[in-house]
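Subject: Structure for you to look at

Hi,

Here is the structure I promised, with some notes below on what turned up in it. Have a look at the model first and then read on.

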Amino acid sequence: MESYALLIAATLNAGTVLAIAALGLLINEKAGIVNLGAEGMMLCAAIAGFATVVHTGNDWLGFASGMAAGALLAAIFGGLVIWLNTNQYATGLALSLFGVGFSAFVGIGYVQAKLPERPQFSVPFLGDLPLVGPALFRQHPLVYGAMLLAAGMIWFLFRTRAGLVLRSVGESPASAHALGYPVRRIRLAAVVAGGALCGLAGAYISVIYTPLWVEGMVAGKGWIALALTTFATWRPARVLLGAYLFGGVTMLQFHLQGQGVQLPSQFLTMLPYLATIVVLTLISRNPTWIRVNIPASLGKPFHPGA
């Protein structure tokens, strides 16, 4: 039972990375923008956050640095695709490739660096409960923050006027423009906010999830987060559930190895990516389901003068 409690705790930890990044990408896509640069933004944020904590010893400054790095790269991406009308898919791929190379270059001097001793978190009283305590109540505050973020996003998107405007920009930017809303500025704000969340996820990886810096350490999580938005049919609650599902698959490989299951390590390592492909394949078999839920103007440029 103790091993299962540890598996649940690890699942929540791994799922938090995917949840925060996917919720950021969800904001982008609700505004009609596809950002394929999540992997690059997360890597740059990971080295920014790690370097900040190495020099300051403050985790929260590291998270702030990661968010700033993600927001800056997203702002550049937004300027290119929203004002200069570059292709969203090509620009996103270029951002991802840039982030991979730039983070590797900047991070050369931090490969052997070590962070200060990591603090241990526990919810008072609840963290001391047998089995449930280690599984659910000894997590980093950002684990619970991801859950609150999903709840807050549901409220924002479906219960506020600003959320309605954001969704209208993603559904019909021409109509929103005709009503006097600054479509391009709204889209840029959504892109920057989404980039900040991707940056927070990247910093969480290097500061908390695996507290070290290694080139390419995001290891495809940005792409999985992109797949999660489709898997969740652009619903924040489903994004959260999907993130924990994929987090569980990621941690399952270590649990199986610990239980002595005789499977090739390469097969266990590819489980989360295999799960991503299977899920996307199953979803694509029902195009009507996607068409009903996808923002109508997703990936389509908008020209105010047209």
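Helix α13 (residues 271-284) is the biggest contributor to a nonpolar patch, supplying four residues. Helices here are DSSP runs of H or I with at least four residues, while strands are E runs of at least two, and both are numbered from the N terminus. The patch sits on the surface and is made of Leu 263, Phe 267, Met 270, Tyr 273, Leu 274, Val 278 and Leu 282, which together have about 580 Å² of accessible area. To join a patch, a residue needs over 30% relative accessible area and no salt bridge; nonpolar side chains (Val, Leu, Ile, Met, Phe, Trp, Tyr) are linked within 5 Å, and like charges within 9 Å. The areas come from the Shrake-Rupley method with a 1.4 Å probe, and for residues only the protein chains shown count as cover.

Before going further, please keep in mind that this is a predicted model: local features need pLDDT of at least 70 and side-chain atom pairs count only at pLDDT 80 or more, whereas totals for chains, interfaces and linings use all residues. Residues are numbered from 1 along each chain as its sequence is written, and side-chain values use heavy atoms, with hydrogens and water left out.

Tyr 273 has 34% relative accessibility and so counts as partly exposed. The cut-offs are under 20% relative accessible area for buried, over 50% for exposed, and partly exposed in between (1.4 Å probe, protein chains only).

Now to how the helices pack. α13 packs with α10 at an angle of about 30°, their axes 10 Å apart. These axes are lines fitted to C-alpha atoms, for helices over the stretch in contact, and the angles run from 0 to 180 degrees between N-to-C directions. α10 and α13 are therefore roughly parallel to each other. For that wording, angles under 35 degrees are roughly parallel, over 145 roughly antiparallel, 65 to 115 roughly perpendicular, and the rest oblique. The α10 and α13 crossing is left-handed; that term applies if the near helix is turned anticlockwise from the far one by less than a right angle, and right-handed applies if clockwise.

α10 (residues 221-231) also packs with α1 (residues 2-30), at an angle of about 55° and with the axes 8 Å apart. That makes α1 and α10 oblique to each other, and their crossing is right-handed.

How much of α10 is covered? Eight of its eleven residues are buried, so to speak mostly covered. The buried residues are Lys 221, Gly 222, Ile 224, Ala 225, Leu 226, Ala 227, Leu 228 and Thr 229. Thr 229, in helix α10, is buried because its relative accessibility is 0%. Just after α10, Thr 233 takes a positive phi of about 45°.

In helix α1 you will find Val 17, which counts as buried at 1% relative accessibility. Val 17 and Tyr 244 are 227 residues apart in sequence, yet 9.6 Å apart in space, C-alpha to C-alpha.

Which side chains meet in a salt bridge? They are those of Arg 118 and Asp 59, at 2.8 Å, N to O. Arg 118 lies in the loop between α4 (88-106) and α5 (132-136) and Asp 59 in helix α3 (residues 59-83), so the pair ties together parts that are 59 residues apart in sequence. The rule asks for a side-chain nitrogen of Lys or Arg within 4 Å of a carboxyl oxygen of Asp or Glu, and the count by this rule is one salt bridge. Asp 59 is buried, at 9% relative accessibility.

Two loop residues are also worth a look. Asn 85, in the loop between α3 and α4, has a positive phi near 60° without being a glycine, and is partly exposed at 31% relative accessible area. Phe 125, in the loop between α4 and α5, is not a glycine either and has a positive phi of about 70°. Phe 125 is exposed, with a relative accessible area of 71%.

Best wishes
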